[in-house]
Amino acid sequence: MNRQFETYNKTRDPAIREKLIIEYLPVVKITAGRLAVRFYGHVEMDDLVSYGIFGLIDAIDKFDPNKGVKFETYASLRIRGAIIDNIRRLDWVPRTLRQENKKLERAYTELENQLGREPKEEELAVKLEITVKEVRELIGKSQLAAFVSLDEYMEQSHEHSAAVSADRKTSRDGNEPETELLRGETKDMLIQAIERLTEKERIVVTLYYYEEMTLKEISKVLSVTESRVSQIHSKAMFKLKMRLGKYFSAAGW
């Protein structure tokens, strides 16, 4: 396969590129399937795949087989980035949702300080003067207001690939040791925060980020609907974001 990329790099033959696109289309579908857990009910799977194909084409055009990196690893990062960039560009998250998300986070923090523990959904409902059902819906939508924050760090902490390392060799600066230290400290805090999640939340986080399962695969393992998996994931991400607030902001995630 490296020879095929070498030939394409020299000739830029459209026929070879088309063959590579077809060959690696499953990588797009897998990446889109994993991202679907975050956008369930808001973005169609077909749209995610369409956005991902742009990332695959970009990866094919820029891939250097001489760097010793697996194309699948390199492509998955480009595909994921293309999906996220396209969703960002749409700016489909309403301003009202951003405002509601801020109110939810503020209420959560105030209650946690008052109670000395994680607030329950019922307590959040009273604080916000809405129903428990509305609280759950708001938590489910909360990741839409900032979906590439903690999720992005979770991905990077597990999928910190050779593709990224190769790029860094040409862009290292004097601040990298401090940056890596901050990431290391945040990772330790992340592990502690994950341990405080409920059992189902820990399972979903583990299956999604560390076993790299798709939304459909996780739903089969847990014998629940895809919608339920998305809800559990949203709640887990919300809890982790609140738990890691200051570290997460300092690191720029």
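**View 1. Glu105 in helix 5 of a predicted model.** Glu105 has its place in helix 5, where helices (H or I, at least four residues) and strands (E, at least two) are DSSP runs numbered from the N terminus. This is a predicted model, in which local features need pLDDT of at least 70 and side-chain atom pairs count only at pLDDT 80 or more, while totals for chains, interfaces and linings use all residues. Residues are numbered from 1 along each chain as its sequence is written, and side-chain values use heavy atoms, with hydrogens and water left out. Glu105 counts as buried because its relative accessibility is 17%; buried means under 20% relative accessible area, exposed over 50%, and partly exposed in between (1.4 Å probe, protein chains only). Leaving aside residues up to four places away in sequence, Glu105 touches Phe238, Lys241 and Met242, a contact being heavy atoms within 4.5 Å.

**View 2. The crossing of helix 5 and helix 13.** Two packed helices are described by the angle between their axes and the distance between the axes. Here the axes of helix 5 (residues 95–115) and helix 13 (residues 226–243) come within 11 Å and cross at roughly 65°; axes are lines fitted to C-alpha atoms, for helices over the stretch in contact, and angles run from 0 to 180 degrees between N-to-C directions. The crossing is right-handed, a term used if the near helix is turned clockwise from the far one by less than a right angle, and left-handed if anticlockwise. From helix 5, Leu104, Glu105, Tyr108, Thr109 and Glu112 meet Phe238, Lys239, Lys241, Met242 and Arg243 of helix 13.

View 3. Tyr51, which lies in helix 3 (residues 45–62), is buried, with a relative accessible area of 15%. Residues up to four places away in sequence not being counted, Tyr51 touches Ala82, Ile83, Asn86, Ile87 and Leu90. Tyr51 and Gly81 are 30 residues apart in sequence, and their C-alpha atoms are 9.4 Å apart in space. The buried residues of helix 4 include Phe71, Tyr74, Ala75, Ile79, Ala82, Ile83, Asn86 and Ile87. With 20 residues at 1.5 Å each, helix 4 (residues 71–90) should span 28 Å, which agrees with the 28 Å between its end C-alpha atoms; the expected span is 1.5 Å times one less than the number of residues.

**View 4. The protein chain as a whole.** The protein chain has 14 helices and zero strands, and 40% of its 253 residues count as buried.
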